[in-house]
Amino acid sequence: RLAAVERAVLASAGEEAARPRLLGLESLFPLVASGQWLPDQRARAGARDALGDEPGGAARLVSWAEVEGCGAEAVVLCCCGRTAAGA
């Protein structure tokens with residue numbers, strides 16, 4: 001059933017270039033782009049990862065310049081449960 005829903009979302013999202021650019025962050029201090037399974041969830045929801053990160057990649061530190069320059073149309077903040085030192 002999930003595969004059918006995913007196909008329907010992707011079909012309705014249209015061309016890759018027409019999909020909204022979504023920035024996922026899991027921390028604001030330090031500034032961390034979300035990784036692991038979250039880029040895949042953005043794609044399954046019909047969006048493009050604004051930073052171009054691939055599913056399965058590690059969360060990574062980013063700069064405010066990267067955030068400003070990524071062209072995100074929406075931002076999703078999914079706070080991680082780790083401490084700032086562990087992020």
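The model is a predicted one, so to speak for local features a pLDDT of at least 70 is needed, side-chain atom pairs count only at pLDDT 80 or more, and totals for chains, interfaces and linings use all residues. Residues are numbered from 1 along each chain as its sequence is written, and side-chain values use heavy atoms, with hydrogens and water left out.

With E5 (residues 74–77), E1 pairs in the parallel sense over 4 bridges, and Gly24 has Val76 as its bridge partner in E5. E3 (residues 48–49) also runs parallel to E1, joined by 2 bridges, and there Leu22 is partnered with Asp49. The pairing with E2 (residues 31–33) is antiparallel and has 3 bridges, with Ser27 standing opposite Val32. E1 and E2 make up a hairpin, with 2 residues between them.

Pro30 sits in the loop between E1 and E2, and the peptide bond leading from Phe29 to Pro30 is cis, with omega near 0°. Most residues other than glycine have a negative phi, and most peptide bonds are trans. Gln36 lies in the loop between E2 and helix H2 (38–44), and at 37% relative accessibility it counts as partly exposed.

Next, the core. A nonpolar core is a set of buried Ala, Val, Leu, Ile, Met, Phe, Trp, Tyr and Cys residues joined through side-chain atoms within 4.5 Å. The largest one has 9 residues: Leu23, Leu25, Leu31, Ala33, Ala50, Leu51, Val62, Val67 and Cys70. E1 and E2 are the elements that give two or more residues to this core. Within this set, Val67 is in contact with Leu23, Leu31 and Val62, leaving aside its neighbours within four places in sequence; contact means heavy atoms within 4.5 Å.

As for charged pairs, the structure holds 4 salt bridges, each a side-chain nitrogen of Lys or Arg within 4 Å of a carboxyl oxygen of Asp or Glu. One of them joins the side chains of Asp49 and Arg42 (2.8 Å, N to O). Both ends are tucked away: Asp49 counts as buried at 16% relative accessibility, and Arg42 counts as buried at 8%. Asp49 is also the E3 residue that partners Leu22. Elsewhere, Asp53, Arg60 and Glu66 are linked in a network of salt bridges. Arg60 meets Asp53 at 3.2 Å, N to O, and Glu66 at 3.2 Å, N to O.

Note on methods. Two strands pair if DSSP finds at least two bridges between them. Buried means under 20% relative accessible area, exposed over 50%, partly exposed in between (1.4 Å probe, protein chains only).
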